[in-house]
Amino acid sequence: MRDFDEPDEPDGDELSVTAPKTWATGAPAVVHALKYALGQTSPRRTALTLLAINQTKGFDCPGCAWPEPAPGRRHRNEYCENGAKHISDEATSRRVTADFFRRHSVDELSRRSDLWLNQQGRLTEPMVLREGATHYEPIGWDEALDLLADELRALDHPDEALFYTSGRLANEPAFLLQLFARAFGTNNLPDCSNMCHESSGSALNETLGIGKGSVGLDDLHDCDLVFVVGQNPGTNHPRMLSALEETKRRGGQVVAVNPLPEAGLLRFKHPQKARGVVGRGTQIADQFLQIRPGGDLALFQALNLLLLEAEDKEPGTVLDREFIEEHTTGYDDFVAHIRETSWDSVLEATGLTRDEIERVHERVLASRGVIVCWAMGLTQHKHGVPTIREVVNFLLLRGNIGRPGAGVCPVRGHSNVQGDRTMGIWERMPQPFLDRLGREFAFTPPTRHGLDSVDSIRAMRDGRAKVFVGVAGNFVRATPDSDVTERALRDCRLTAHISTKLNRSHAVCGRTALILPTLGRSDRDVQAGGEQFMTVEDSMSEVHATRGRLAPASPHLLSEVSIITRLARKVLGSEPAIPWADFERDYDLVRDRIARVVDGFQDFNERVRRPGGFRLPNPVNSRTFRTPSGKAVFSVNDFTMLRAPEGHLVLQTLRSHDQWNTVPYAMDDRYRGIKGGRRVVLVSPADLAALGLADGTLVDLVGVWSDGSERRADAFRVVSYPTPPGSAAAYYPETNVLVPLDSVADISNTPTSKSVIVRLERTAEQAPAPA
């Protein structure tokens, strides 16, 4: 173990700004990744992790959920810059010990930055903050789990407990967590997907009968036209750029739709190929549409109108009439609605020209297979679900659902968030799943829908939820309305976090708080039955094994499976008769039960041991739609446009390049030209002139909402940037405070973090003196 001095707290006063990059990756990405890795641990440990990540006998990257190529087609270095940084962050040699908590009070920790907290290193032993105490202190595992079990059993009703999960959790512990929660008597299983892709699941379930994507990597490679909408692959899932490069190599085209020009979508330099190191690389986007935030619904309605008009001119040559008649419903109502589309409204909502949209339309007409990929730029709006339904309409018109080289592709940004949902981490699991679970374990699961993440905060705020258990993740910084969320957690009787590293959630405590340290994805997991492995599911429904290779960060760590099964035994005893101890001893026994409960997992243990694992079946790909009608659904979606009052802007929150979810690795954003600070707001030169602000001005962001409420984020430096007129952008989690708890997407309840109406006020020391 290496000794490190505690990293200094960044002060953010060294901010410098250069022009944004016009290409991504290449040699600088390799240099940055290695520099970060060697700053965290030894060269030997760095090599062990990087050579094992995303390999068939290694461990899955705990970062994004982008799939790996098939065995035999993977590079020896099958990872991206951010994946390398993320696994180095987990494999760090820095340690947070009991002595650290003796030196730092909870109050002090609450005033530290996210960067500083994360940089302290791996947690090493269970800690407790007792009621009225100022510091965490060590606690043994049995005592810690007894304390948590006693609080759970003392609740008046199981629904007073919340079990939150992030996508870092693998399939086996996810299945056991939902089994424990339901055997305890609640469906309160909020997860990180509630904050990101819940709108995707809602829209796809309604229209196609399954809430996940339909394409695989081969489809993407062989596609004629790929839309990349509302996402930044160069930062959030960089290996997607390799797949898009292959699309281009095979003759496909890419249309990028995003409010900001993202470097990776402009040009990609593959760091593992000569042309990416010494050459110009590959132009990814054949056409870039710089759309206004929230304008995507209007864009796809305009494209659908153009397709209908093209069919009018040449009947039988544009739309897939046979597919529409045999496999869809709702077509006539959809057509009648789309024909009322106003071009003036479309152009105002999108900020695009009609020529730009018609050029995209020509690309569509020339393409047999079309895939639409999207992320939070679509989902985190009030009209996120209707937008994705309109994307489905667009694909249905030409039969681009359920055949090779075409389909829907929601790109999830967290390793196993899709797998957790498949395993039952959802507050509204379908009744057939609950029935199978009950039959398998001889109990009756609760049928009342549980609470998602937003409703969980409301329940804690209102005193209806009293115990919060977070399994991985950083709930405080992932959720909206930061002040309300923190007050809600502090009102709990007990908060417990199963974590690998320190984060702000550990400093926002209930009356009693527990930190339960666990193994990381890269750590070896040895149980009584021998060395274990786990499994994950990626964004394209591929399920494969993940095996840690490193010695655990501390002998006092337990696996998530161990923590969950031991807690379940203490809370439930022998009723119902679930063999928790056997599950802890041998994870094969967990997979045997998964195979009998979860669709598509038959012969789980056998199939997942094959190199590369297996792909779950998707009924959409056989044109089977599990909707009430048995057909794919054309939907009618009312036109929506975001309008900011005069003097205000539409703000979207986003990640920096040196960030993974809520965790910043540095104070920089290399591709956007930001160095040494995160409290920046990106605004177009035209808007700065209209608002009377100069580049570099210090402003407060004031969120303004329809109910008249306001929220404030102080001291952001204005950066002149090529954003669409009337819009701005700033990093989360610093701006989560601006998003009210009740500002959510219709149907999905996802926070509207991409459509925050703000005004920019000069900070007090820069405001002009009154006349």
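**Stop one: charges over rings**

Start by selecting Arg-112 and Trp-116: the charged end of Arg-112 sits over the Trp-116 ring, 4.0 Å from its centre. Here a charge sits over a ring if NZ of Lys or CZ of Arg is within 6 Å of the ring centre and within 35 degrees of the ring normal. Before going further, some housekeeping: this is a predicted model, where local features need pLDDT of at least 70 and side-chain atom pairs count only at pLDDT 80 or more, while totals for chains, interfaces and linings use all residues. Residues are numbered from 1 along each chain as its sequence is written, and side-chain values use heavy atoms, with hydrogens and water left out.

For another charge over a ring, jump to Arg-354, whose charged end sits over the ring of Trp-343, 4.2 Å from its centre.

**Stop two: ring pairs**

Rings of Phe, Tyr and Trp (its six-membered ring) pair if their centres lie within 6.5 Å; planes under 30 degrees apart count as stacked, over 60 as edge-to-face and the rest as tilted. By that rule the count is 21 aromatic pairs. Select Phe-601 and Phe-604 for one of them: the ring centres are 4.8 Å apart and the planes stand at 75°, so this pair is edge-to-face. Are these two buried or exposed? Phe-601 is buried at 0% relative accessibility, and Phe-604 is buried at 1% (buried means under 20% relative accessible area, exposed over 50%, partly exposed in between, with a 1.4 Å probe and protein chains only).

Phe-604 and Phe-614 form an edge-to-face pair, 6.0 Å centre to centre with 85° between the planes. Phe-604 lies in helix α30 (residues 604-608) and Phe-614 in strand β23 (residues 614-615), so the pair ties together parts that are 10 residues apart in sequence. Helices (H or I, at least four residues) and strands (E, at least two) are DSSP runs, numbered from the N terminus. Both Phe-604 and Phe-614 are buried.

**Stop three: a buried arginine**

Select Arg-122, in strand β4 (residues 122-123). Arg-122 counts as buried, because its relative accessibility is 1%. What does its side chain contact? Bring up Asp-523: a polar contact of 2.7 Å joins the two side chains.

**Stop four: loops**

Go to Thr-697, in the loop between α31 (685-691) and β30 (698-704). Thr-697 is buried, at 6% relative accessible area, and a polar atom of its side chain lies 2.7 Å from the backbone oxygen of Ala-694.

Next, pick out the cis peptide bond between Glu-575 and Pro-576, with omega about -5°. Pro-576 is in the loop between α27 (560-572) and α28 (580-585). Then try Tyr-732 to Pro-733, where the peptide bond is cis with omega near 10°; Pro-733 is in the loop between β32 (727-731) and β33 (756-762).

Finish in that loop between β32 and β33 with Ile-747. Its phi is near 80°, a positive value in a residue other than glycine, and Ile-747 is exposed at 56% relative accessible area.

Technical notes
A polar contact is a pair of N or O atoms within 3.5 Å; within protein, one must be able to donate a hydrogen and the other to accept it, and residues adjacent in sequence count only if both atoms are side-chain atoms.
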